[in-house]
Structure formats: C-alpha cells, structure tokens
Amino acid sequence: MGKLLELDDDDYFVDQLGEKALTNARCSYYPECPRPELVFGLKPHSDGTVVTVLMVDDSVGGLQVLRDGVWWDVPVVPQTLLILIGDQIEIMSNGIFKSPVHRVITNAKKERLSVALDYSVDPEREIEPSPQLVNEKRPALYRKVKVKDYIATYYNHFFQGEMVIDTIKI
C-alpha cells in the first residue's frame, strides 16, 4: 500500500502497527430469521481497525457494502478470504484508501457463520495522515488521535449507529 502511494517507506503502514499491535478474532453466528426485513444481523458500520480478514460462509450471503447510497451484496465465493480496509488505514492514508461501510442481513431459510480477524495499531500509539500525503492541494482530512481513544469512542458511536471516523475529520 505504501508503494502504491509512492511513500518513501514501502512499509509505512506496517511500521505504524508498533510492537504491541492487536489482533482480535470474532466468530459470528446468524440464525435463520423468519422476517429478515425487520432484523439486521449486524448494523451498518465501518471497521475501526487497520484491516479485517473475513472468512465468510461458503453457501449463504448476507454481507452488503454501501456505495453511492446503494447497498450491494458481496458475492459468496467459497473458500476465500475477504479483506476489508479499516478506519485506521483511511486515517493514515489521508482518505485515499476508504474504510467501507458495510452490514450483515439475515436470511429467512439458512443460518450463517463468519469468522473475522481484526488487526489494529498498538493502542498506546497515535495515528494521523502520513505527512507525505498532506500538502496544499490535499490538506489533512483527519486529526491525530490515540488509537485506544479512537477504539473506545468507536463502540459508543457504533451502538448509536454513527460512524466514529466522522468525529475526527478536520
């Protein structure tokens, strides 16, 4: 990603993780739901992490991504991993890489299982747009934030259905 952005350090994003970067595993079970139009499996959100590696169910869809105000179904591709860019990358890339808003909808006839691995910068570190991606033509879009404060705020906003990344925009 650093190379794509022509940063001096190709490993810029890896270097930002720090020695105490976090990895969390989350298993989600979505039982069949007789009235899926009334229930979200997981409400709309973006991931507050650097990146999420998602192993989705091989036979049941349900993951949707928001683009231009329209919800798009993510295709089910058996035995693959889906990579989602998180808010921390969006911040460090000064908005060049976007953290997609996504949700999970339930299925009326089938249960669904997913496993997600979230990777996050060391909670004691601060993140901000890379100085190499900020200039007069493209000012900083986000302010500097301590990762543990961002994650704590993330959950408060998630439960309210708000995007925490909006709170640190300049």
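Two strands are taken as paired if DSSP finds at least two bridges between them, and helices (H or I, at least four residues) and strands (E, at least two) are DSSP runs numbered from the N terminus. The structure is a predicted model, in which local features need pLDDT of at least 70, side-chain atom pairs count only at pLDDT 80 or more, and totals for chains, interfaces and linings use all residues. Residues are numbered from 1 along each chain as its sequence is written, and side-chain values use heavy atoms, with hydrogens and water left out.

An open sheet is built from four strands in the order β1-β8-β3-β6, with antiparallel pairing. Because β1 (22-30) and β6 (81-85) stand at the edges with a single partner strand each, one side of each has no neighbour in the sheet. The partner of β1 is β8 (residues 112-120), joined to it antiparallel by nine bridges; along this pair, Tyr29 sits opposite Leu113 of β8.

A cavity here is a set of points, on a 1 Å grid over the protein atoms alone, where a 1.4 Å probe fits but cannot get out; lining residues have an atom within 4 Å of a point. The largest cavity holds about 140 Å³ of space, the volume being that filled by probe spheres set on the points, which are joined across faces, edges and corners. Its lining comprises 15 residues, with Arg26, Leu42, Leu54, His102 and Val104 nearest the centre. Two or more lining residues come from each of β1, β2 (40-45), β3 (51-55), β7 (102-105) and β8.

Methods. On a 1 Å grid over the protein atoms alone, a cavity is a set of points where a 1.4 Å probe fits but cannot get out, and a pocket is an open set with protein on both sides within 12 Å along at least five of seven lines; lining residues have an atom within 4 Å of a point.
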